[in-house]
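Hi,

Here is the structure I promised to pass on. My notes on the ligand site and on one helix pair follow below it.

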Amino acid sequence: MLGLMQDRPLLITSIMEYAALYHSDCKVVTKAVEGGIHRTTYGEITQRSAKLANALAKLGLTSGNCVSSMAWNTYRHLELYLAVPCMGSILNTVNPRLFPEQISYILAHSESKIIFVDLTFVPQLEKLGDKIAKVETIVIMTDRANMPDTSLDNVLCYEELIDAEDDHYDWPDLDENMAAILCYTSGTTGDPKGVLYSHRSTLLQTYSSCTKDSLGVSKADVIFPIVPMFHVNAWGTPFAAAMTGSKLVLPGGDMTGENFYNMIKQEGCTISLGVPTIWLALLQYVSTLEDDDFTSLPIENFVVGGSAAAPSLIENLETTFDCSVVHAWGMTETSPLGSVNRLLAKHADLSDAEKMEIKVKQGRPPFGIEMKIVDDEGNQLPRDGIAFGRLMVRGSWVAKAYFKQPDLHILDDEGYFDTGDVSTLDPDGYMTIVDRSKDVIKSGGEWISSIDLENVALGQAQVAEAAVIGIAHPKWQERPLLIILPKPGESPTKDDILGYLDGKIAKWWTPDDVVFIDEMPHTATGKTQKRDLREIFKNYTFPE
Ligand code: AMP
């Protein structure tokens with residue numbers, strides 16, 4: 001017998017309509033791409049989204065088709081986030097930091113005929129030339145006064161496009177399983193793969209992220225997502241903000257520590273989210289300020305994900321700003337929140353050092369995400385915090401296939417997705433990433449965790465960034481090479497670094513050498529680019 005409750009579809013449209021009705025006067029503040037601070041409200045944004053939908057309909061956009069964006073975190077990008085999916089179409093958020101060939105591949109693969117582009121990225125599109133010949137309309141996200149001279153054809157101005165339109169749109173009744181947002185993930189090999197979120201998966205991830213043990217977003221918050229809206233929906237925060245009515249602060253294209261600090265201070269941000277390099281930029285900037293007491297700022301939580309949060313980073317942020325760091329893990333395929341680290345009630349009386357041992361873990365899965373670790377044959381491994389193996393996840397906001405790749409089967413027999421991460425699970429449910437499966441170092445048959453080594457090395461006061469890769473070794477198969485980017489003005493020696501590691505890691509984990517570089521290569525999503533490091537050091541041999 002079926003229950004007798006209403007079956008309302010889980011739609012992004014319902015978030016937009018709720019925001020229009022209940023949060024119309026709540027603020028959305030953007031560091032505008034054109035310069036200056038732009039202030040608006042959810043009320044205005046939802047009206048402008050309706051205008052945008054009317055304009056897109058006239059441009060011929062129909063249900064099930066893709067529109068692409070190449071844009072920063074701004075109010076106009078938020079309007080696209082609402083208008084396009086709620087029309088029944090799909091917003092493909094392109095990461096502008098990808099290589100030109102990857103961008104043209106994504107635009108072609110998604111069959112986008114319309115692209116919305118921020119001023120910053122117009123030159124990139126110009127360089128793509130014929131490779132994006134199938135794109136029929138390019139909308140530059142600015143007003144007439146700021147429109148650039150461009151060699152691009154069929155260019156429209158965003159503000160002119162929507163200006164004359166009606167601010168009412170008859171949003172269609174959609175099936176909650178319809179596609180809403182497409183986000184490509186760039187693996188190290190092959191073409192980018194499209195992860196296609198549905199309205200339902202987006203809603204469920206948004207509900208989950210607002211719970212207190214997850215991001216805990218509420219109307220009382222001022223949320224500042226620095227993680228880009230072109231990468232996994234800025235970890236779902238635009239939707240969480242619109243659902244809860246929290247004030248939303250957006251950094252635009254100004255990716256400087258100075259802008260992060262100013263926005264946090266001037267707008268009273270309580271929660272901010274980003275990858276570790278963002279927080280290093282913020283800490284670097286505040287270290288240059290004369291005022292050295294930032295503890296009175298209202299910031300309560302920095303959410304760190306995308307790469308491992310080292311203990312030194314967690315400690316630095318927490319002491320500088322008198323706040324809590326929330327370590328989170330996820331990936332494009334998990335929408336992205338797969339685990340969030342919050343301490344349990346039983347941890348309240350632990351010492352700071354004991355608490356830190358827990359905080360560096362990637363966290364516990366929220367309700368709705370299931371995890372297991374398996375060996376290479378697929379056998380489950382114990383949840384004892386010691387055994388490590390391939391991390392497998394399943395849940396209502398985890399991908400089951402890639403866009404237009406029906407023959408690529410990505411789930412195991414139980415419906416779990418192989419994350420490509422190697423992890424432990426402990427008896428309290430905390431997951432710890434040991435490595436990406438392709439990055440683990442196998443020395444004499446035993447594994448060395450590059451992440452653990454990097455985390456310890458980052459604690460050395462002269463180190464800005466650290467990366468460990470495996471180098472072939474005649475006796476041990478592979479041994480770790482530690483690559484250090486020193487802080488500005490610092491020139492640590494190999495002995496400084498190895499002396500610091502001594503006693504903090506197992507003796508046999510000690511890197512066989514330490515080398516220094518001037519610039520650390522990063523991926524388009526801000527992670528250390530180990531593939532490039534392996535290329536740079538491909539002819540390297542350890543000293544005798
Ligand atoms: P992406 O799909 O680009 O968001 O990348 C996802 C990958 O980033 C994951 O599979 C992990 O390898 C890595 N990652 C994300 N969060 C963390 C974290 N907190 N600690 C370590 N690695 C992480």
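**Ligand site**

An oxygen atom of the ligand sits 2.8 Å from an N or O atom in the side chain of Arg436, a polar contact in the sense of a pair of N or O atoms within 3.5 Å. Keep in mind that this is a predicted model, where local features need pLDDT of at least 70, side-chain atom pairs count only at pLDDT 80 or more, and totals for chains, interfaces and linings use all residues. Residues are numbered from 1 along each chain as its sequence is written, and side-chain values use heavy atoms, with hydrogens and water left out.

On the backbone side, a ligand nitrogen is 2.8 Å from a polar backbone atom of Ala328, and a ligand nitrogen is 3.2 Å from one of Ala308. The protein covers 91% of the 500 Å² of accessible area that the ligand has on its own (Shrake-Rupley, 1.4 Å probe).

In total, 15 residues surround the ligand (a heavy atom within 4 Å), and the closest are Ala328, Thr332, Gln362, Asp421 and Arg436. Strand β14 (residues 324–330) gives the largest share of that shell, four residues; strands here are DSSP E runs of at least two residues, and helices H or I runs of at least four, numbered from the N terminus.

**Helix pair**

The axes of α7 (residues 199–210) and α9 (residues 237–244) come within 9 Å and cross at roughly 70 degrees (lines fitted to C-alpha atoms over the stretch in contact, angles from 0 to 180 degrees between N-to-C directions). That makes α7 roughly perpendicular to α9 (65 to 115 degrees).

Cheers

Notes:
Polar contact = N/O pair within 3.5 Å; in protein donor to acceptor, adjacent residues only side chain to side chain. Parallel < 35°, antiparallel > 145°, perpendicular 65-115°, else oblique.
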